[in-house]
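Let's take a walk through a protein model together. Have a look at the sequence and the 3D view, then read on.

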Amino acid sequence: MGIEIERKFLVTGDGWRAAAREVVPMAQGYINDQAAMDSGAMKASVRVRIAGDEAFLNLKSRELGHTRQEFDYAIPVDDARGLLALCVGGLVDKRRHYVEHEGHLWEVDEFLGDNAGLVVAEIELSSADEAFVKPEWIGAEVTDALRYYNLALATRPYSQWSEGERSGAVASTH
């Protein structure tokens, strides 16, 4: 069993672009939706992702916050395409930019389609109290804000958010 310790932040400006060492296009969808998670009917999200020329089936426990159980399995791309057709909600399209900063790898997700305009950076840590240096382009932390999770974005994309939600002035349960 894998444990993922991850923190999520909004991105301000484009200072990260020059430091990106690799960019991978990603398309992903979910076999279950946010309602199944919210109701407790399911205790893990089930994601299908095509990342470049690879594909994965991923399960993450539903805990909100920086630490979750995570299981990730490589699958054939053709199988992933078939599974994406079975997903509920919308697909999440994005470009993932890999950026090294002060000894840590940041994954900067630049969303496309219905989530265009949203840019979020994640950092995976080896322990919950691991110290790291925030780059100057990191904004507010949104680790505990459900609406920034990809499962929530598949259910209710950024294009459907109010201006208050986009600015962070309005709290949302999704």
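## Helices, strands and ground rules

Helices (H or I, at least four residues) and strands (E, at least two) are DSSP runs, numbered from the N terminus. Two more ground rules before we start. This is a predicted model, where local features need pLDDT of at least 70, side-chain atom pairs count only at pLDDT 80 or more, and totals for chains, interfaces and linings use all residues. Residues are numbered from 1 along each chain as its sequence is written, and side-chain values use heavy atoms, with hydrogens and water left out.

So what does the protein contain? There are 4 helices and 9 strands, and along the sequence they come in the pattern β-β-α-β-β-β-α-β-β-β-β-α-α.

## Overall build

For 174 residues, a compact globule would have a radius of gyration near 16 Å, and the protein agrees with its 16 Å. That radius is taken over C-alpha atoms, and the globule rule is 2.2 Å times the number of residues to the power 0.38.

Of the 174 residues, 45% count as buried. Buried means under 20% relative accessible area, exposed over 50%, and partly exposed in between (1.4 Å probe, protein chains only).

## Aromatic rings

How many aromatic pairs does the structure hold? There are 6 aromatic pairs. In W106 and W137, the ring centres are 5.9 Å apart and the planes sit at 75 degrees, so this pair is edge-to-face. W106 belongs to strand β7 (residues 104-111) and W137 to the loop between β8 (119-124) and β9 (138-141), so the pair ties together parts that are 31 residues apart in sequence. For the rules: rings of Phe, Tyr and Trp (its six-membered ring) pair if their centres lie within 6.5 Å, and planes under 30 degrees apart count as stacked, over 60 as edge-to-face and the rest as tilted.

Both tryptophans are tucked away: W106 is buried at 0% relative accessibility, and W137 is buried at 4%. Together with F9 and F132, W106 and W137 form one aromatic cluster.

## Charges over rings

Rings can have charged neighbours too. K8 lies over the face of Y149, 4.8 Å from the ring centre, while the charged end of R166 sits over the ring of Y158, 4.4 Å from its centre. To count, NZ of Lys or CZ of Arg must be within 6 Å of the ring centre and within 35 degrees of the ring normal.

## Around the loops

Most residues other than glycine have a negative phi. E102 has a positive phi of about 50 degrees, although E102 is not a glycine. You'll find E102 in the loop between β6 (88-101) and β7, and at 57% relative accessibility E102 counts as exposed.

Where is R156? R156 is in the loop between α3 (150-155) and α4 (163-167), and is partly exposed at 26% relative accessible area. R156 and G90 are 66 residues apart along the chain, with their C-alpha atoms separated by 8.4 Å.

Now for L91, which lies in strand β6 and is partly exposed at 43% relative accessible area. L91 and G164 are 73 residues apart along the chain, and their C-alpha atoms are separated by 24 Å.
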